[in-house]
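This report walks a new reader through one protein chain, from its overall build to a few single residues. Please keep the sequence and the model in view while reading.

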Amino acid sequence: RRQGRDDRRAARRMTVGTLRVVLGDQCSRALASLHGLDPARDVVLMMEVQAECTHVPHHPQKIVLVLSAMRHFARALAARGVRVDYIRLDDPANTQSFRGELLRAVGRHRPARIVATHPGEWRVLQDMQGWQDAAGVPVEIHEDERFLCPLPRFRAWADGRRQYRMEFFYREMRRQTGLLMEGDEPAGGRWNFDAENRAALPAGLVPPAPLRFEPDAITREVMTLVTDRFGAHFGDAAGFAWPVTAKDARAALAAFIRDRLPLFGDYQDAMAAGQPTMFHALVSTSLNVGLLDPMEACRAAEDAWREGRAPINAVEGFIRQILGWREYERGIYWD
């Protein structure tokens with residue numbers, strides 16, 4: 001009887017309540033699949049797999065960005081007492097696919113259920129939708145709440161329209177979020193200041209350099225791995241300086257708001273030889289990997305306008321890229 005009790009205790013220790021899947025572009029504590037996480041019973045699964053690096057020949061810096069952000073995020077979760085089952089790209093046992101690694105993790109942890117967040121690509125969603133049958137464990141796929149327009153809301157907006165006009169979608173998102181609104185009317189009396197964002201760069205005006213981030217030991221290790229494995233891809237990892245943590249992503253946003261947003265609007269469409277970044281924010285990598293919240297970015301710009309630190313044509317142009325184009329293109333893709 002005592003041996004039986006010991007065996008049952010061991011089985012309970014080996015079985016987890018929920019296996020929570022976090023993909024490479026989902027490095028956010030606000031991720032839907034992390035809601036209700038119980039550190040005592042749940043395990044977070046993160047997977048670096050070859051298939052995601054090679055289904056198209058991604059630039060090595062993109063691969064470094066995703067893998068380094070994943071490793072930093074996993075470390076941050078572990079520091080909070082979360083159990084993280086992290087599969088490295090160079091693990092000899094790695095099957096190099098999401099499904100293969102999920103099935104191995106189910107064998108290790110025997111979860112009662114699997115929870116994931118809606119992915120950013122159709123092909124990954126198709127794979128996810130087969131996980132339940134393959135694993136024999138219930139799978140829940142939650143809405144990606146990091147976007148400001150849930151997919152059902154976009155479908156409701158698009159339903160019955162002969163034309164999908166971003167401008168009209170954008171206005172609806174302004175009304176729903178309250179961004180740059182004065183009651184029911186757009187701030188400044190206009191929805192769109194794009195006509196004021198087409199100036200040529202004057203001679204002698206040099207845009208401030210964007211904030212760069214020196215790779216730490218984790219990123220340097222990833223750079224070496226990516227160079228060894230994906231050296232045949234176009235571009236190289238040398239000079240990598242993108243944010244790979246939420247802290248650095250916020251610092252990059254703050255530097256943009258302070259140094260480049262005031263003139264972003266005037267020269268939004270301008271190009272100049274030797275000026276590859278102009279006054280642009282360079283925060284899309286952080287938004288897309290999950291290090292930066294889109295509403296946080298929009299509110300920071302709106303605050304700069306309300307406090308007199310940036311003109312409305314700059315702030316409206318920046319917010320339109322995130323609240324308008326980013327959400328609209330996602331909706332069009334899935335629709």
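Helices, which need at least four residues, and strands, which need at least two, are DSSP runs numbered from the N terminus. Counted in this way, the secondary structure of the chain comes to 14 helices and seven strands. The model is a predicted one, and every value below is computed from it.

**The chain as a whole**

Taken along the principal axes, the C-alpha atoms of the chain fill a box of roughly 80 × 45 × 35 Å. Of the 335 residues in the chain, 49% are buried, and the accessible surface comes to about 16,300 Å², with 51% of that belonging to carbon and sulfur atoms. Among contacts between residues at least 6 apart in sequence, 77% join residues that are at least 24 apart.

**The sheet and the helices on it**

Five strands form an open sheet with parallel pairing, and their order is E3-E2-E1-E4-E5. Strand E3 (83-87) and strand E5 (139-142) stand at the edges with a single partner strand each, so one side of each is left without a neighbour in the sheet. From one strand to the next, the twist averages 25°.

Helix H4 (residues 98-109) lies across strand E1 (18-21), E2, E3 and E4, and runs at about 150° to E2.

**Helix H8**

Helix H8 covers residues 166-177, and at 1.5 Å a residue its twelve residues should span 16 Å, which agrees with the 16 Å that separate its end C-alpha atoms. Which residues of H8 are buried? They are Met166, Glu167, Phe169, Tyr170, Met173, Arg174 and Thr177. These residues cover an arc of only 160° around the axis, which puts them on the same side of H8. An α-helix has 3.6 residues a turn, so residues three or four places apart point the same way. The buried residues of H8 pack against helix H7 (151-158), strand E6 (181-182), strand E7 (185-186), helix H13 (294-306) and helix H14 (312-334).

**Positive phi angles**

Just after H8, glycine 178 takes a positive phi of about 80°. Most residues other than glycine have a negative phi, yet two residues that are not glycines also have a positive value here, as the table sets out.

| Residue | Phi | Loop | Relative accessible area |
|---|---|---|---|
| Glutamine 96 | about 70° | between E3 and H4 | 17% |
| Leucine 180 | about 50° | between H8 and E6 | 1% |

Because buried means under 20% relative accessible area, glutamine 96 counts as buried at 17%, and leucine 180 is likewise buried at 1%.

**An exposed loop residue**

Methionine 271 lies in the loop between helix H11 (261-264) and helix H12 (284-289). Is this methionine 271 buried or exposed? With a relative accessible area of 79%, methionine 271 is exposed. Methionine 271 and alanine 199 are 72 residues apart in sequence, while their C-alpha atoms are 9.9 Å apart in space.

Note on methods
Residues numbered from 1 in each chain as written. Predicted model: local features only at pLDDT ≥ 70, side-chain atom pairs only at ≥ 80, totals over all residues. Heavy atoms only, no water. Expected span 1.5 Å × (residues − 1). Buried < 20%, exposed > 50% of the residue type's maximum accessible area, 1.4 Å probe, protein only. Arc of directions from axis to C-beta. Contact = heavy atoms within 4.5 Å. Pairing = 2+ DSSP bridges. Axes fitted to C-alpha atoms, helices over the stretch in contact; angles between N-to-C directions. Areas by Shrake-Rupley, 256 points an atom, 1.4 Å probe, with all protein chains shown as cover.
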